[in-house]
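User: I would like to learn how to read a structure like this one. Please take me through it feature by feature.

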Amino acid sequence: MAKSKNTIESRIDYSILLPVLILLLVGLVSIFIATNFDYPKNLVQVMSQQVLWIFLGSVLAFVVMLFNTEFLWKITPWLYIFGLGLMVLPLVFYSPALVASTGAKNWVSIGSVTLFQPSEFMKISYILFLSRIGVWAKQGKEVTDLKDDWLLLFQYVAVTLPVLGLLVLQGDMG
């Protein structure tokens, strides 16, 4: 009997699970070594914070895995707009001490708590949105002409410019 496509097990890509677990382990070991060497007093705090982020990321990945692909495709433009909104946050909520000590300008910090990098979320939503635009441009056409290609290129540039502008404002580029 064939498995239903709606089961949780059918949605898990086991071929990607092992490499992700290995990368998480390598990341934890790297953070442990770097923190233990540079800031041994902060080791427990940094490691527990990293494990918490891994847990939250795993929960989020599990929730996204349950999404219908069509639903994810429909909310992609909203994810892109939400990502742009998040990219504005480091312009307001940043830690001058963090910038002075590390040069990191693209982290959202409130008080002494450094929360996250909005650009990490934006990477995912940006790729999804570019993919959606590319598929939309090709839909219903067996052959495209040069005019269609220029239009697609213009759309890619129009989607990319706001992201680049915010990165420049954050001081990540330039």
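Analyst: Start with confidence. This is a predicted model, in which local features need pLDDT of at least 70, side-chain atom pairs count only at pLDDT 80 or more, and totals for chains, interfaces and linings use all residues. Residues are numbered from 1 along each chain as its sequence is written, and side-chain values use heavy atoms, with hydrogens and water left out. pLDDT is the predictor's confidence in each residue, from 0 to 100. The protein chain averages 85. At least 70 is reached by 95% of the residues.

User: Which element has the lowest mean pLDDT, and which the highest?

Analyst: First, the naming. Helices (H or I, at least four residues) and strands (E, at least two) are DSSP runs, numbered from the N terminus. Helix α5 (residues 96-102) has the lowest mean pLDDT, at 72. Helix α7 (residues 146-170) has the highest, at 92. Where pLDDT is low, the predicted coordinates should not be read in detail.

User: How many aromatic pairs are there?

Analyst: The rule comes before the count. Rings of Phe, Tyr and Trp (its six-membered ring) pair if their centres lie within 6.5 Å; planes under 30 degrees apart count as stacked, over 60 as edge-to-face and the rest as tilted. The count here is 3 aromatic pairs. One of them joins Y80 and F129: the ring centres are 4.7 Å apart and the planes lie at 20°, so this pair is stacked. Y80 belongs to helix α4 (residues 69-92) and F129 to helix α6 (residues 118-138), so the pair ties together parts that are 49 residues apart in sequence.

User: Are Y80 and F129 buried or exposed?

Analyst: Go by relative accessible area. Buried means under 20%, exposed over 50%, and partly exposed in between (1.4 Å probe, protein chains only). Y80 has 6%, so Y80 is buried. F129 has 15% and is buried too.

Now take F82 and F121. Their ring centres are 5.5 Å apart and their planes are at 85°, so the pair is edge-to-face. F82 sits in helix α4 and F121 in helix α6, so this pair links parts 39 residues apart in sequence. F82 is partly exposed, at 47%. F121, at 28%, is partly exposed as well.

User: How do α4 and α6 pack?

Analyst: Two packed helices are described by the angle between their axes and the distance between the axes. Axes are lines fitted to C-alpha atoms, for helices over the stretch in contact, and angles run from 0 to 180 degrees between N-to-C directions. For α4 and α6 the angle is about 145°, with the axes 8 Å apart. Their crossing is left-handed. That label applies if the near helix is turned anticlockwise from the far one by less than a right angle; clockwise is right-handed.

User: Which residues make the contact between α4 and α6?

Analyst: Contact means heavy atoms within 4.5 Å. From α4 the residues include W73, Y80, F82, L84 and M87. From α6 they include F121, M122, F129, R132 and V135. By class, the contact has 16 nonpolar, 5 polar and 2 charged residues. Ala, Val, Leu, Ile, Met, Phe, Trp, Tyr, Cys and Pro count as nonpolar, Asp, Glu, Lys and Arg as charged, and the others, Gly among them, as polar.

User: What does L166 touch?

Analyst: Set aside residues up to four places away in sequence. L166 then touches L84, M87, V88 and L91. L166 lies in helix α7. At 12% relative accessible area, L166 is buried.

User: Where is W53, and what is in contact with it?

Analyst: W53 is in helix α3 (residues 43-66). Apart from neighbours within four places in sequence, W53 is in contact with L115 and F116. W53 is partly exposed, at 39%. Sequence and space can be read together: W53 and W73 are 20 residues apart in sequence and 26 Å apart in space, C-alpha to C-alpha.

User: Is L43 buried or exposed?

Analyst: L43 is buried, with a relative accessible area of 15%. L43 also belongs to helix α3. Leaving aside neighbours within four places in sequence, L43 is in contact with F32, T35 and N36.
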